[in-house]
Amino acid sequence: MSMPATAEHRDAPTPDESRPHAAHFGLAVLALAMGGFAIGTTEFVTMGLLPQIADGVGVSIPTSGHVISAYALGVVVGAPLLAFFGARLPRRALLLALMVAFAIGNGLSAIAPNYGLLTTARFLSGLPHGAYFGVASLVAANLAARGRKGRAVALVMLGLSIANVIGVPAATWMGQNLGWRTAYVAVAVLGIVTVSMIMAYVPALPADPSATGRRELAAFSRVQVWLTLVAGAIGFGGMFAVYSYISPTVTEVGDLHESAVPVFLLMFGLGMTFGTWLAGELADWSVFGSLLGSAIGMGVVLLAFAAVTPYGWWALPFAFAISAISSVLVVNLQLRLMEVAGDAQTLGAAMNHASLNVANALGAWLGGLVIAAGWGYRAPALVGVGLSLAGFLVLVLAALHHRRSLEPGRVA
């Protein structure tokens with residue numbers, strides 16, 4: 001990736017154009033994406049190691065699943081809390097503090113002697129998640145050349161997607177063959193590597209002296225912020241409704257051997273990676289247009305997935321499409337929150353991942369309800385169609401509210 005032109009190479013730079021740029025923009029973004037890779041690995045590897053974790057801390061598999069919920073709760077709590085207290089910190093310093101806390105949380109997860117302490121450690125590991133992605137996205141956008149902010153944010157988020165292709169399978173293999181604790185040790189090491197890369201390649205960015213926790217909380221007074229958060233919490237739930245039950249869907253509905261499940265999971269990971277790249281291209285065209293298009297596209301693809309799952313391998317490309325479109329939604333929700341949060345940039349950007357973790361819980365819960373009701377394993381995809389439609393309607397409501405608003409500076 002070529003380095004964007006710096007301010008001194010331009011004629012009459014505007015205040016926006018005179019912001020600091022990394023000496024090596026690509027390496028700076030790579031450092032930020034490495035953090036996303038570490039976070040994505042720890043978020044999803046627990047799901048693949050539940051039997052080993054349950055055996056290791058002496059609880060049942062369903063009980064051990066609560067450590068996943070503890071991590072998600074940490075994300076939801078940590079995003080607004082850390083944005084509030086970190087508002088006046090220089091952004092690079094805040095990124096470093098978040099990654100150090102992340103490494104410590106995963107280190108504690110690796111040495112936790114019992115279920116209670118492991119659950120606590122997973123909660124602590126989740127606290128930096130949303131704030132890190134929020135601040136990293138702001139830094140990437142600040143370093144990017146004009147007209148390339150969407151691509152820069154997408155590159156940061158690409159670390160999360162690649163984690164599902166490389167990091168999660170590798171850490172899962174390690175945990176299965178060398179003990180589940182080694183997976184968390186590996187993630188802690190990735191956190192330390194991220195700290196080193198940020199120190200080496202991300203330029204020091206001055207703190208905003210006018211930023212305060214109270215100003216950050218002002219984001220919650222903005223209707224557009226709430227509408228965007230609700231759109232993410234509902235609309236993104238469709239992907240998790242399918243993803244959470246992909247194993248029995250593939251084997252019981254698709255009549256495929258369980259060896260096909262990793263292939264479908266790999267396809268989800270590849271779809272996330274492609275979708276994150278595509279999201280950056282689409283975002284620089286239109287953030288809100290990309291949101292509306294991905295919400296509609298998600299509903300259509302989920303409906304198609306429900307229709308073709310009985311035909312086994314024919315469902316594979318639709319699994320790819322579901323994850324690709326969901327990634328377009330995620331990146332553009334991030335950018336949308338950065339647009340509508342006003343001066344509360346840190347909180348607005350961080351809350352995206354809190355919203356997405358609500359979507360995770362909502363999609364899995366509703367999918368489980370329809371399965372328990374006897375509607376079968378195709379039903380979660382249909383639940384996802386409904387969630388996608390509801391998310392689209394929230395976005396339409398946001399567009400209507402924007403048109404009626406007299407506030408200046410709002411971009412729909």
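Buried denotes a relative accessible area under 20%, exposed one over 50%, and partly exposed the range in between (1.4 Å probe, protein chains only). The structure on display is a predicted model, in which local features need pLDDT of at least 70 and side-chain atom pairs count only at pLDDT 80 or more, while totals for chains, interfaces and linings use all residues. Residues are numbered from 1 along each chain as its sequence is written, and side-chain values use heavy atoms, with hydrogens and water left out.

**The whole chain**

Begin with the entire protein in cartoon view. The secondary structure consists of 17 helices and zero strands; helices (H or I, at least four residues) and strands (E, at least two) are DSSP runs, numbered from the N terminus. Of the 412 residues, 54% are buried. Among contacts (heavy atoms within 4.5 Å) with a separation of 6 or more, 82% join residues 24 or more positions apart. Switch to a surface: the protein exposes about 16,700 Å², and carbon and sulfur atoms supply 70% of that area. The areas come from the Shrake-Rupley method with a 1.4 Å probe.

Next, colour by pLDDT, the predictor's confidence in each residue, from 0 to 100. The mean is 83, and 89% of the residues reach 70 or more. Residues 1-19 have pLDDT below 50, and the model gives this stretch 28 contacts beyond near neighbours in sequence. Residues 408-412 also stay under 50, with nine contacts beyond four places in sequence.

**Stop 1: α1 and α2**

Select residues 25-48 (α1) and 50-57 (α2), whose axes come within 5 Å and cross at roughly 75°. Axes are lines fitted to C-alpha atoms, for helices over the stretch in contact, and angles run from 0 to 180 degrees between N-to-C directions. The helix α1 is therefore roughly perpendicular to α2, a label given to angles of 65 to 115 degrees. Show the side chains of T46, M47 and G48 on α1, and of L50, Q52 and I53 on α2, which make the contact.

**Stop 2: L94 in α5**

Move to L94, in helix α5 (residues 91-111). L94 is buried, at 7% relative accessible area. Beyond residues up to four places away in sequence, L94 touches G86, L89 and V135. A distance label between the C-alpha atoms of L94 and V135 reads 7.9 Å, for a separation of 41 residues along the chain.

**Stop 3**

Select residues 246-253, helix α12, and display its buried residues I246, P248, T249, V250 and V253. These buried residues pack against α11 (237-243), α13 (261-283) and α14 (287-308).

Then centre on D255, in the loop between α12 and α13. Most residues other than glycine have a negative phi. D255 is not a glycine, yet has a positive phi of about 60°. D255 is exposed, with a relative accessible area of 66%.

**Stop 4**

Select E339 in helix α15 (residues 316-340), a partly exposed residue with a relative accessible area of 34%.

Finish at G368, located in helix α16 (residues 345-372). Is G368 buried or partly exposed? Its relative accessibility is 21%, so G368 counts as partly exposed. Between the C-alpha atoms of G368 and P380 the distance is 7.6 Å, and the two residues are 12 apart in sequence.

How values were computed. Angles under 35 degrees count as roughly parallel, over 145 as roughly antiparallel, 65 to 115 as roughly perpendicular and the rest as oblique.
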